[in-house]
Amino acid sequence: GTDIQKASGLPADSAGLAKLWLEDQKRSVKGAPANLPDAAQVEALVKQSAETVDWLTKKVGMQFSANAAAADGIGAYQLLPISSDASRPAGAEEVEKLEQYVKKLGGIIRTATPAWKILTTDDGRVSGVAAADGKNRFTFRAKSVVLASGGFAADLMKVTSRQPRWAVYVERTGAAKTSTGDGLTMGLQVGAKEVSDSWLMGTQFAPAYPEMTAAMLGERGFAGATLVNEKGLRFVKEDLPNITSEMSQQLDVWLLTDSKDPEKAKTLRNYLGFDTVVHGSTPEELGRRMGARADNVKQTIEKLNADAAAGKDTAFGRDPINFTSLTQAPYFAVKVRPVISGTIGGFVVTPDFQVLDNALKPIQGLWAAGELANRAFYNRVYEPGTSLLIAYASGRAAGTSAAKAALSK
């Protein structure tokens, strides 16, 4: 619905995106509450996305890709932030533009000054935050506080206590090292109600060492990978935009490949080990070294090759263009794990992102945004390309509501 998208001639509208978003959520792995995602909140979020982009471009000065042609995993179209200087990352310019906008309006930004406590009055109303910069302690008095400190994807204890199945992946998280849930801790200390079913974001998977990635993938990239679990069986349609949730349900996940490319095979040999990559002259030998049932691995590879020859995935319906047969011995199995990119969780909030307490009443003076308030938009699968929309839209909504409350008599 943006001017940029309309000018590109691409058929994309907010109602269509919301429909695709909600439809794709139906493939979530089991376990989440039945009322997730909240359809009304998804639709409201997407409906104002054009307004948010308009604000970011005309008020803040950001730039987005002019052709809007980056198709995301659910068939909609993304606008991608771009940099005016090709040598700089787009993300760096995003932050810079936001910083300049805040300062232009008289705002003050203090870096390396972490807040550690939310201050409250005797009646429980939020009255500011306590912070420190390593030398000095500060008390910032405020009628409204917005928590926007991100998730807890880099905190082993918080992940373990909420979704222990994902704990093994924390050591190789793709989230910032500072994603340790500080805002979550502070909110809980003043009685904020946390959601009951936190989940983890992830969009890709990775081997033990980065150098192995190119060697394990064929010309179709991640979409062309063939994945099996600890039993040696395929468990997912591999060319879906996000399969990390399905991977998290397995004890082990292996990517199967062969020796069609001698250079790639040579690279994989450099990392041989029972927790990195194993090889075998036959599918049965490969299965034994994986610790899987040898006959399962044999049958999986035979069925894969038969389906590739017939041009039809009879097991999961993967697009035939993404099928790669495994015919050249020795065969390889690379152990891969989901890469965590963030968390889905935070606090229970109102539609304008005011934080609720355990009695589901608004905490006066406290709002949350981003990963501290994104649970309503997902079940147990992350939609690639939606986190920036939620970050900007929830930040604007929380900030607007917090400002109105602070300025009211």
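Colleague: Which residues are exposed on the other side of H3?

Modeller: This is a predicted model. In it, Ala 40 and Lys 47 are the exposed residues on that side of H3.

Colleague: And which residues of helix H3 are buried?

Modeller: Helix H3 covers residues 39–47, and its buried residues are Gln 41, Val 42, Leu 45 and Val 46. Seen down the helix axis, they fall within an arc of 130°, so they line one face of H3.

Colleague: What covers the buried residues of H3?

Modeller: The cover includes helices H2 (14–24), H4 (49–60) and H13 (387–407).

Colleague: What does the side chain of Asp 38 reach at the start of H3?

Modeller: A side-chain oxygen of Asp 38 comes to within 3.1 Å of the backbone nitrogen of Ala 40.

Colleague: Now the rings. How many aromatic pairs are there in the whole structure?

Modeller: The search finds eight. In one of them, the ring centres of Trp 166 and Trp 199 are 5.5 Å apart and the planes stand at 85°, so this pair is edge-to-face.

Colleague: Where in the chain do Trp 166 and Trp 199 sit?

Modeller: They are 33 residues apart and link distant parts of the chain: Trp 166 is in the loop between helices H6 (156–162) and H7 (182–189), and Trp 199 is in strand S9 (residues 199–206). Both are buried.

Colleague: Which residues do ring pairs link into a cluster?

Modeller: Trp 21, Tyr 378 and Tyr 382. Both Tyr 378 and Tyr 382 are buried.

Colleague: Over the face of which ring does Arg 110 lie?

Modeller: Arg 110 lies over Phe 138, at 4.9 Å from the ring centre. Arg 162 lies over the face of Phe 152, at 5.3 Å.

Terms used
Residues numbered from 1 in each chain as written. Predicted model: local features only at pLDDT ≥ 70, side-chain atom pairs only at ≥ 80, totals over all residues. Heavy atoms only, no water. Phe/Tyr/Trp six-rings, centres within 6.5 Å; stacked < 30°, edge-to-face > 60°. Helix = DSSP H or I, 4+ residues; strand = E, 2+ residues; numbered from the N terminus. Buried < 20%, exposed > 50% of the residue type's maximum accessible area, 1.4 Å probe, protein only. Lys NZ or Arg CZ within 6 Å of the ring centre and 35° of its normal. Arc of directions from axis to C-beta. Contact = heavy atoms within 4.5 Å. Polar contact = N/O pair within 3.5 Å; in protein donor to acceptor, adjacent residues only side chain to side chain.
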